[in-house]
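Subject: Structure for your review

Dear colleague,

Please find below the structure that I am handing over to you. After it, I set out what was found, one region at a time.

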Amino acid sequence: MSTKEIRIENYDYELPDSRIAKFPLAQRDHSKLLLYDKETLGEDSFFNLPKHIPGGSLMIFNNTKVIQARLHFRKTTGALIEVFLLEPYLPADYERIFQQQESCSWLCMIGNLKKWKGETLVREINIAGKTVTLRAEKKEKPASSQYENVCFSWDGGGLSFSELLEAVGELPIPPYLNRDTEESDKTTYQTVYSKIKGSVAAPTAGLHFSYDVLKALDDNGVERQEVTLHVGAGTFKPVKSDEIGSHEMHTEYICVRREVLESIIEHDAEVVTVGTTSVRTIESLYFIGCKIAECKEIAEEKLHVNQWEPYENECVLTPKDALQEIIDYLDRNHLVSLHTSTQIIIAPGYEYKYVKKLITNFHQPKSTLLLLVSAFLKGHWREVYDYALDRDFRFLSYGDSSLLTAPENKI
């Protein structure tokens with residue numbers, strides 16, 4: 001059976017609502033930690049994670065920061081319109097769009113879209129004693145996008161768009177929590193090492209890390225490096241087709257610094273990744289290196305990794321050589337970081353290039369994230385999830401964690 005023929009019904013399990021963690025623990029590093037290594041299962045507390053990571057290992061973290069991406073406008077008729085920011089449109093660069101002080105455009109999902117007939121939505125905001133008028137207008141959406149193009153403009157204070165979002169935006173917690181965002185989520189739904197604004201969902205495997213755990217890793221001689229993948233709303237998109245070949249993966253934007261590539265090479269191209277977003281970033285590098293090897297002068301915008309590329313690509317580069325191709329490309333173009341995007345789907349049939357250990361939460365049934373875990377565990381996902389369900393582990397974003405070691409052989 002090819003990867004595209006995988007039936008999603010084979011990746012289903014019963015997840016009672018009572019097992020979904022609606023709120024985080026009071027101490028983020030006191031979650032439970034499931035351990036899987038050489039087909040042996042066990043458990044510990046997350047604050048003991050450093051004891052399970054060998055000294056000299058390289059750990060990769062996603063340093064993206066969740067933005068307050070939900071904006072609400074009230075029409076004169078009383079109808080409430082929710083505008084959910086998904087990705088920058090004009091300017092298309094995350095860093096630049098947050099610095100804008102007059103206007104910017106985003107691709108958005110709209111709640112109550114039928115009630116928004118095209119009129120300009122207006123919201124008066126008081127920020128630090130200043131009255132700011134924020135406007136939202138629907139523009140013609142690009143042919144390549146299923147989302148609405150919304151132009152925001154504002155006056156009255158010289159504020160950046162980043163400052164506006166901090167003042168009036170709402171943090172978009174996962175829909176399966178079935179509750180409103182609370183003030184505490186602004187802290188608990190961010191990793192302690194989050195830096196680069198752009199995600200609309202947290203890289204939740206990182207939520208368990210405290211400063212004490214990070215320090216213990218450092219003290220044990222574990223090297224830590226960071227990449228950036230801005231998590232999109234598509235991370236919650238269910239697989240609705242019977243076979244995954246008919247499922248369209250979402251695109252997410254990544255940034256990897258040159259020194260991260262060098263560190264992976266120095267560690268014999270073997271890494272411990274924190275979360276599936278770090279996995280998708282790191283594993284995408286191999287196919288980017290293959291593109292560069294095939295065409296040394298390829299434009300940066302063409303480095304995007306397509307969904308099925310890993311299964312159709314006949315590249316024979318070693319993992320190290322693929323990384324060196326990227327480093328050489330950066331040097332030729334006087335760049336310090338790789339900026340591109342990935343649509344990669346990692347599912348059974350995929351052969352991991354770099355990731356040897358994975359720290360991750362427990363994912364929704366019939367999801368692409370569960371497919372990624374199954375590919376990593378060479379099919380052993382069900383026994384891991386049965387163990388977690390039998391022993392009262394908490395599931396999904398605010399739930400418990402696991403440290404998984406890739407089996408040496410296929411089943």
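Is Ser 162 buried or exposed? Ser 162 is buried, because its relative accessible area is 12% and the cut-off for a buried residue is under 20%. Please bear in mind throughout that this is a predicted model.

Ser 162 belongs to helix 2, which covers residues 161-168. Leaving aside residues up to four places away in sequence, Ser 162 touches Phe 98 and Lys 197. For a sense of distance, you may compare the positions of Ser 162 and Asp 328: their C-alpha atoms are separated by 35 Å, and the two residues are 166 residues apart along the chain.

Helix 9

Helix 9 runs over residues 368-376 and is mostly covered, with nine of its nine residues buried. Those buried residues are Thr 368, Leu 369, Leu 370, Leu 371, Leu 372, Val 373, Ser 374, Ala 375 and Phe 376. What do the buried residues of helix 9 pack against? Their neighbours are helix 6 (276-294), strand 16 (355-361), helix 10 and strand 17 (401-405). Just after helix 9 comes Lys 378, whose phi is positive, at about 55°.

Asp 390 counts as exposed because its relative accessible area is 61%, and the cut-off for an exposed residue is over 50%. On the surface, Asp 390 gathers with Glu 39, Glu 383, Asp 386 and Asp 392 in a patch of negative charge.

Salt bridges

Side chains of opposite charge can pair when their charged atoms come close. The count of salt bridges in this model comes to 24, and three of these pairs are described below.

In one of them, Arg 224 pairs with Asp 218, and the closest N and O atoms are 2.9 Å apart. Arg 224 is partly exposed, at 30% relative accessibility, and Asp 218 is also partly exposed, with a relative accessible area of 37%.

Another salt bridge joins the side chains of Arg 258 and Glu 262, at 2.1 Å from N to O. Where do Arg 258 and Glu 262 lie relative to each other in helix 5? They are four residues apart in helix 5 (residues 258-266), so about one helical turn separates them. An α-helix has 3.6 residues a turn, so residues three or four places apart point the same way. Both partners are partly exposed: Arg 258 has a relative accessible area of 25%, and Glu 262 has a relative accessibility of 29%.

The side chains of Lys 320 and Asp 268 also meet in a salt bridge, at 2.9 Å from N to O. This pair links distant parts of the chain, 52 residues apart: Lys 320 is in helix 8 (residues 319-332), whereas Asp 268 is in the loop between helix 5 and strand 14 (271-274). Lys 320 is partly exposed at 33% relative accessibility, and Asp 268 is partly exposed with a relative accessible area of 46%.

Yours sincerely,
A colleague

Notes: Residues numbered from 1 in each chain as written. Predicted model: local features only at pLDDT ≥ 70, side-chain atom pairs only at ≥ 80, totals over all residues. Heavy atoms only, no water. Patch = residues over 30% accessible without salt bridge, like charges linked within 9 Å, V, L, I, M, F, W, Y side chains within 5 Å. Areas by Shrake-Rupley, 256 points an atom, 1.4 Å probe, with all protein chains shown as cover. Salt bridge = Lys/Arg side-chain N within 4 Å of Asp/Glu carboxyl O. Lys, Arg positive; Asp, Glu negative; His and termini not counted. Charge placed at Lys NZ, Arg CZ, Asp CG, Glu CD. Buried < 20%, exposed > 50% of the residue type's maximum accessible area, 1.4 Å probe, protein only. Helix = DSSP H or I, 4+ residues; strand = E, 2+ residues; numbered from the N terminus. Contact = heavy atoms within 4.5 Å.
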